[in-house]
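These are my notes from going through one structure.

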Amino acid sequence: MTMPLLQVENLGIHFGPTVDPVKAVDGISFSMQAGETLAVVGESGSGKSVTALALTRLLASPPARYVSGSIAFEGRDVLQLREGELRSLRGKQIAYIFQEPGSSLNPVFTIGYQIREAIELHRPEVRDVTAEIVHALDTVGIRNPASRLGDYPHQLSGGMQQRVMIAMALACQPKLLVADEPTTALDVTIQKQIMDLLKDLKRTSNMSILLITHNFGLVAGFADRVVVMFRGKIVETGPTAQVLQNPQHPYTKALIECVPKLGQKQHRLKVIDYAGIQ
Amino acid sequence: MNSISLSQETYTQRLWRHFHADKFALNGLRIVILLFIVAALAPFLANSHALIRVADGHVSFPIFLSLEPIEWRFLLYVPLAGLVYFFRHRFIAHPGIFILAVIGFIAAVEIFLALTHPINDPTNDRDRPASFKLLPPIPYSPIESTPDQFSPPTWKHLCGTDSTGRDIAARMLHGARTSLSIGFVAQSIALTIGIALGGLAGYYRSWLDIGICRFIEVMDCFPPLLFILVAISLFESQNNMFYIMAVIGLTSWTGVARLVRGEFLRLSSLPFTLAAKAIGANDFRIIVRHLLPNALGPILVAGTFGVASAILIESSLSFLGFGMQAPTPSWGDILSDARRYIDFAWWLAFFPGLAILITIMSYNFVGEGLRDAVDPRLKMK
Ligand SMILES: Nc1ncnc2c1ncn2[C@@H]1O[C@H](COP(=O)(O)OP(=O)(O)OP(=O)(O)O)[C@@H](O)[C@H]1O
Ligand SMILES: [Mg+2]
């Protein structure tokens, strides 16, 4: 078997006091092959974002404490890298898109300038940077990209802002794209457009995608495999179809039932019954 | 309201639109610019040497021969800066040629200044016979003693003269240079230190923040004027202009540091800072290229108020007799002369006092206008 792109082994990340800490991530292990799409699903506070940020050690320590385990990206342990090595990992190898596209873009710079910065940081060999920026914006489905380079983030809609964030991530040609709840701040129709865009990217490039979400509805038809997190632990993992059809853990069942289904009459929204899970 | 055109304007355009609507701020800015022009042209507005002099069929330009090196630099480098700004787009396109041209120009000026010496000619062209002479509007030098002592304002001496017969109008014009450049340079020093320390504290937090905050608190324990007086008396032998600038700058950065720290604390916890880190930007880049531009509005406001207070501090120092060395004219210096003769020579206090008042007020109007423009929510309409 080939070496996985990403191999997380017994990762533990704590916050707060050393006695009785907040165990945001509590000994999780998972791996991703190159080109694979993995979804991490869990409710709010289950440690998804902490896991995602830890992949390039974006969580400042302190306050975070990396207490155990390893994160091997292409065989190198991220937790052992020096600051300079981390910087060339961030963006170039592992790029992120975040939940709030509006505030993830710098308000005082044009979008063209911000994408240019990403390219100049990681791809100094590019001769015609402007053409590359236009190409990136074109790839994420922004119409008339050349005329939008001078736009400021506040001049764009939320969906377009998220497209710009994706363009910025793609401009560095990363091997792994970490999308941390990329559609949570957007309305439902835009959600679908962004998910379709990510699907397209998955099809046309060999990039791996780590999708983080609390919504099982986004996972079907997108991810190859699913990891379900609950209170810092992985409670279930497996191929998407299998987990969706035959969930083993009661928490997974509850999460799947939370997704409202079209055409199906529901008198009340389902809520998770924690007493049954414990 | 035309919301479409509003959403298309850039940050600076919005700033300028708000600023422009504020009549006080706009007129304050006009006065400040006027003061700077007057200060820059002071040697040509008040000088005992003629601009052009024709005698015995011989044409000469006595003013230029008497200019000090610093005045030459002012005269040549300010237009140079203007030119560079005007051609900035071509500058970016051909940086090599432009940098060479600018360096060549500066080198030429400096070599010229090193090889020539200003002619220290004590005679004045007012009284010297000539077939033609063009005198400046105020034909007196600021350090020249005329026979008219304590002359009240007349057509000859527009703002009167002091105890040694020096023309107050000439001293005021040249004093404007002192006051304005001290305000500007001292505040630049304060801004540099304040931004650096405040930025480091706000970005890195933890022990660095604690250390810098305690340092700021210690600095703030001393009344600034007392601090400056002590510093000046320690190095009494060297109280020239640059020394005063440095002392004022080094003691008035704490306000800026607090402000920048607060802004950086806020900005560095916003998602775009994390996003910048996530594309692999280093700390220096994040601080200088991502956070600083976002904090520029409030910094500009603080800087404007700071210039005003630096001018005030310099005037107080001169008034107390700790300011510039004797012949250098400054507004506070004229005021301090007025102290002794106030019972009959009202003009000695009136004109410099008025100049200080107008300058400080203009700067404060500009500062308030900027503050409102940076944060339009403050201005309820
Ligand atoms: N900077 C921090 N300081 C202290 N505790 C933190 C910090 N960041 C995260 N935590 C804790 O880590 C736990 C996991 O947080 P995380 O942000 O990973 O949740 P999440 O699964 O991403 O939730 P959401 O769906 O709301 O984004 C939470 O209980 C939170 O209290
Ligand atoms: Mg999260």
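**Pockets and chain contact**

I began with the second largest pocket, which has a volume of about 940 Å³. I kept in mind throughout that this is a predicted model.

I looked up the lining of this second largest pocket and found 27 residues. Ala60(A), Ser61(A), Pro62(A), Tyr203(B) and Lys277(B) lie nearest its centre.

Next I asked which elements supply at least two residues each to the lining of the second largest pocket. From chain A I wrote down helix H2 (83–89). From chain B I wrote down H9, helix H10 (206–221) and helix H14 (271–278). H14(B) provides the largest share of this lining, with four residues.

I then sorted the lining of the second largest pocket by class. I recorded 16 nonpolar, five polar and six charged residues.

**The largest pocket**

I turned to the largest pocket and noted about 1200 Å³ of space in it. Its lining is made of 37 residues. Nearest the centre of the largest pocket I found Glu68(B), Ile70(B), Glu71(B), His174(B) and Pro329(B).

Which elements give two or more residues to this lining? I listed helix H6 (69–86), helix H9 (168–204) and helix H12 (241–251), which belong to chain B. By class, the lining of the largest pocket holds 17 nonpolar, 14 polar and six charged residues.

**Where chain B meets chain A**

I counted the residues in the contact: 19 come from chain B and 25 from chain A. The two chains bury about 2100 Å² between them. Of that buried area, 59% is on carbon and sulfur atoms.

Which residues of chain B lose the most area to chain A? My entry reads Ala278(B), Ile279(B) and Arg289(B), which together make up 27% of what the chain B side buries.

I checked for polar contacts between chain B and chain A and found eight residue pairs, with both residues at pLDDT 80 or more. On the chain B side that touches chain A, helix H1 (3–8), H14 and helix H15 (283–320) each supply at least two residues. H14(B) gives the most to that side, with six residues. I sorted the residues of that side into eight nonpolar, seven polar and four charged.

**Salt bridges**

Side chains of opposite charge can pair when their charged atoms come close. I searched the whole structure for such pairs and found 22 salt bridges over all chains.

How many salt bridges are there between chain B and chain A? The count is one. In a salt bridge, the side chains of Arg285(B) and Glu117(A) meet at 2.6 Å, N to O. I looked up where the two residues sit: Arg285(B) is in helix H15 of chain B and Glu117(A) is in helix H4 (residues 111–122) of chain A, so this pair joins two chains.

Methods
Residues numbered from 1 in each chain as written. Chains lettered and ligands numbered in written order. Predicted model: local features only at pLDDT ≥ 70, side-chain atom pairs only at ≥ 80, totals over all residues. Heavy atoms only, no water. 1 Å grid on protein atoms, 1.4 Å probe; cavity = no way out; pocket = protein on both sides within 12 Å on 5 of 7 lines; lining within 4 Å. Points joined across faces, edges and corners; volume = space filled by probe spheres on them. Nonpolar A, V, L, I, M, F, W, Y, C, P; charged D, E, K, R; others polar. Contact = heavy atoms within 4.5 Å. Buried area = accessible area lost by both parts, 1.4 Å probe. Salt bridge = Lys/Arg side-chain N within 4 Å of Asp/Glu carboxyl O. Polar contact = N/O pair within 3.5 Å; in protein donor to acceptor, adjacent residues only side chain to side chain.
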